[in-house]
Amino acid sequence: RLVRITGNAPLFNQRFSCGYAPQGTLTVPYMSHSRGCGAAAAARAARPTRVVMGASAYSHPQGDAAHATQRVRLELSRACREATAAVLGRASARTRRGARGRAGPRAVCLSRSPLFGGSMGSLTQIFSLYKQAVFCLQPPGDSVARAAIIDAVALGCIPVLFVPRMDHWHYQLQWDAWREDSRLVVDGEAVIRGDLDLLEDLSSIPAARVARMQATIAAWAHTM
């Protein structure tokens, strides 16, 4: 039986008309642009930023129809801006009161949009942020596969997925043995509805669990 091997499952509404089916397609990881760093070395890096998203909020017609891609990305960008603004506001208030504390506020969430087409300059900036972050948000695009998932893992950042198919459709041979302790899957529709405060949920994850996930990625990322 013919099995198609691909780094990216076909676009949502073309999957079956093109002859692809979940049981007949084997996906393999993208070649990450960030592989030069090494996840083991990245795992030892300081991570002053809690959450990073490197994704543009422009329309993805296939994904917009299937999983409201643009709405998820816009909501995540808004949440990032508001969370960091709140931290900066509290730090400014402490300064005005003359309160003592650490030199600068910790960034809660940073969102950066790569240039359309992904120039290496913009990607390098995003990879630098991935290396400094604990969690890397990975909203879907036109398809459920993202090269950025591999980039995040290669840089020791825990990927956060928003569509179940982003998780179980991909990289079974390379990821299944350690997938559970290396990523988070949340409900993208709940994010859009405002039923889920994602940043609050990520902040509430126990430090021991975060450390376990980071250790898993450091030990296994090379298999991707």
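Modeller: Some ground rules: helices (H or I, at least four residues) and strands (E, at least two) are DSSP runs, numbered from the N terminus. The model is predicted: local features need pLDDT of at least 70, side-chain atom pairs count only at pLDDT 80 or more, and totals for chains, interfaces and linings use all residues. Residues are numbered from 1 along each chain as its sequence is written, and side-chain values use heavy atoms, with hydrogens and water left out.

Biologist: Okay, how many aromatic pairs does the count come to?

Modeller: Rings of Phe, Tyr and Trp (its six-membered ring) pair if their centres lie within 6.5 Å; planes under 30 degrees apart count as stacked, over 60 as edge-to-face and the rest as tilted. Going by that, the number of aromatic pairs is 3.

Biologist: What sort of pair do the rings of Phe 127 and Tyr 130 make?

Modeller: Their centres sit 6.5 Å apart. The planes meet at 50°, so the pair is tilted.

Biologist: How many residues apart are Phe 127 and Tyr 130 in helix α4?

Modeller: Both of these residues, Phe 127 and Tyr 130, are buried (under 20% relative accessible area; exposed is over 50%, partly exposed in between, with a 1.4 Å probe and protein chains only). About one helical turn of α4 (residues 120-132) separates Phe 127 from Tyr 130, because their spacing in the chain is 3 residues.

Biologist: And what sort of pair do Trp 178 and Trp 220 make?

Modeller: Look at the ring centres of Trp 178 and Trp 220: they are 6.3 Å apart. With the planes at 15°, the pair is stacked.

Biologist: Which parts of the chain does that pair link, and how many residues apart are they?

Modeller: Trp 178 is in the loop between α7 (172-175) and β7, while Trp 220 is in helix α10 (residues 207-220). These are distant parts of the chain, with a spacing of 42 residues.

Biologist: Which hand does the link of Cys 136 and Cys 157 have?

Modeller: The sulfurs of Cys 136 and Cys 157 are 2.1 Å apart. The angle about the S-S bond is 110°, and the link is right-handed.

Biologist: How many residues apart in sequence are the parts tied together by Cys 136 and Cys 157?

Modeller: Cys 136 lies in strand β5 (residues 133-138), and Cys 157 in the loop between α5 (147-154) and β6 (158-161). So the parts tied together have a sequence spacing of 21 residues.

Biologist: Which residue is the bridge partner of Leu 137 in β6?

Modeller: Two strands pair if DSSP finds at least two bridges between them. β5 and β6 run parallel, joined by 4 bridges. For Leu 137, the partner in β6 is Val 160.

Biologist: How many residues of strand β3 are buried?

Modeller: β3 (residues 49-54) runs parallel to β5, with 4 bridges joining them. It also pairs with β4 in the parallel sense, over 4 bridges. The strand β3 is largely enclosed by the rest of the structure, because its buried residues number 6 of the 6.

Key: A disulfide is a pair of cysteine sulfur atoms within 2.5 Å.
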